[in-house]
Amino acid sequence: MMDSLYLRVYPDPVLRKETKPVTDFGDGFKDLVADLVRLMDQHDGVGLAAPQVGVSLRLAVVFYQGELHVLANPVLVSSEGEQDGEEGCLSFPGIFGNVKRPMKATVRHFDINGEEKETVVEDFLARAFLHEMDHLEGRLLIDRFSPLKRSMAKKKLLRAVAEREEERV
């Protein structure tokens, strides 16, 4: 377990940093996946991307309906339909907003054993996959909001950061 990993919250610059592909699927990779799952559980999330814990790798995990999905180097192969629903994000505590996503997505990725897979997901699971994949592109929840909603969310988050810093003094 890497104790140095912790949940990164906006405006941490690592959330916007370019990610690198996973090339080594050895024990270090499996340990990182275990740490992501542990932190996701600890913060009561459905998914977590490596940049959210300060690791700039193309890796995310999603746990839904008892199944863990490891998304290493995920690529959206195809999508269809549209859904509009509320999303939150562990890196944006207390911020929620409606986001349009495809209803169905086919994603090519590598699993925890480094084996290439193609997974078809729908509804909520498609939303979760695509939300985590956005993180790997440095695209954040608020980027999908309207300009007004984004501005309000930024102000709320920056105010919370300022309050936390005042508490430390």
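Guide: A residue is called buried when its relative accessible area is under 20%, exposed when that area is over 50%, and partly exposed in between. The model shown here is a predicted one.

Visitor: Why does Glu-87 count as buried?

Guide: Its relative accessibility is 4%. The limit for buried is under 20%, so Glu-87 falls on the buried side.

Visitor: What makes Arg-127 count as buried?

Guide: Arg-127 has a relative accessibility of 6%. That value is also under 20%, and therefore Arg-127 is called buried.

Visitor: How do you know that Glu-87 forms a salt bridge with Arg-127?

Guide: A salt bridge needs a side-chain nitrogen of Lys or Arg within 4 Å of a carboxyl oxygen of Asp or Glu. The closest N and O atoms of Glu-87 and Arg-127 are 2.6 Å apart, which is within the limit, so the pair qualifies.

Visitor: Why does the pair of Glu-87 and Arg-127 tie together parts apart in sequence?

Guide: Glu-87 is in strand β4 (residues 83–89) and Arg-127 is in helix α2, so the parts they tie together are 40 residues apart in sequence.

Visitor: What makes the contact of Arg-38 with Asp-35 a salt bridge?

Guide: The closest N and O atoms of Arg-38 and Asp-35 are 3.7 Å apart. The rule asks for within 4 Å, so this pair is counted too. Both residues lie in helix α1, 3 residues apart, or about one turn of the helix.

Visitor: Are Arg-38 and Asp-35 buried or partly exposed, and how do you know?

Guide: Asp-35 has 2% relative accessibility, under 20%, so it is buried. Arg-38 has 28%, which is between 20% and 50%, so it is partly exposed.

Visitor: How do you know that Asp-134 and Arg-144 meet in a salt bridge?

Guide: The N to O distance between their side chains is 2.8 Å, and the limit is within 4 Å. Asp-134 belongs to helix α2 and Arg-144 to the loop between α2 and α3, so this pair ties together parts that are 10 residues apart in sequence. Through shared partners, salt bridges join Glu-87, Arg-101, Arg-127, Asp-134, Arg-139 and Arg-144 into one network. By the rule, the count comes to 10 salt bridges.

Visitor: Why is Leu-130 called buried?

Guide: Its relative accessible area is 7%. Since the limit is under 20%, Leu-130 is buried. This residue lies in helix α2.

Visitor: What makes Gln-65 count as exposed?

Guide: Its relative accessibility is 70%. Gln-65 sits in the loop between β2 (59–64) and β3 (67–80).

Visitor: What is the phi of Gln-65?

Guide: It is near 50°, a positive value in a residue other than glycine. Most residues other than glycine have a negative phi. Asp-123, in helix α2 (residues 123–136), likewise has a phi near 50°.

Visitor: How do you know that the bond between Tyr-10 and Pro-11 is a cis peptide bond?

Guide: Its omega is about 10°. Most peptide bonds are trans. Pro-11 is found in the segment before α1 (27–42).

Visitor: What makes the surface patch of Lys-149, Lys-155, Lys-156 and Arg-159 positive?

Guide: Lys and Arg count as positive, so a patch formed by these four residues is positive. Patch members need over 30% relative accessible area. Lys-156 has 41%, so it passes that limit and counts as partly exposed. Lys-156 is found in helix α3 (residues 147–168).

Visitor: Why is the charge of the patch with Glu-163, Glu-165, Glu-166 and Glu-167 called negative?

Guide: Its members are Glu residues, and Glu counts as negative, so the patch is negative. Glu-165 lies in helix α3.

Visitor: How do you know that the radius of gyration of the protein chain agrees with a compact globule?

Guide: For 169 residues, a compact globule would have a radius near 15 Å; the chain has 16 Å, so the two agree. The C-alpha trace spans about 50 × 40 × 30 Å along its principal axes. Buried residues make up 45% of the chain.

Methods
Residues numbered from 1 in each chain as written. Predicted model: local features only at pLDDT ≥ 70, side-chain atom pairs only at ≥ 80, totals over all residues. Heavy atoms only, no water. Patch = residues over 30% accessible without salt bridge, like charges linked within 9 Å, V, L, I, M, F, W, Y side chains within 5 Å. Areas by Shrake-Rupley, 256 points an atom, 1.4 Å probe, with all protein chains shown as cover. Charge placed at Lys NZ, Arg CZ, Asp CG, Glu CD. Helix = DSSP H or I, 4+ residues; strand = E, 2+ residues; numbered from the N terminus. Buried < 20%, exposed > 50% of the residue type's maximum accessible area, 1.4 Å probe, protein only. Rg over C-alpha atoms; globule rule 2.2 N^0.38 Å.
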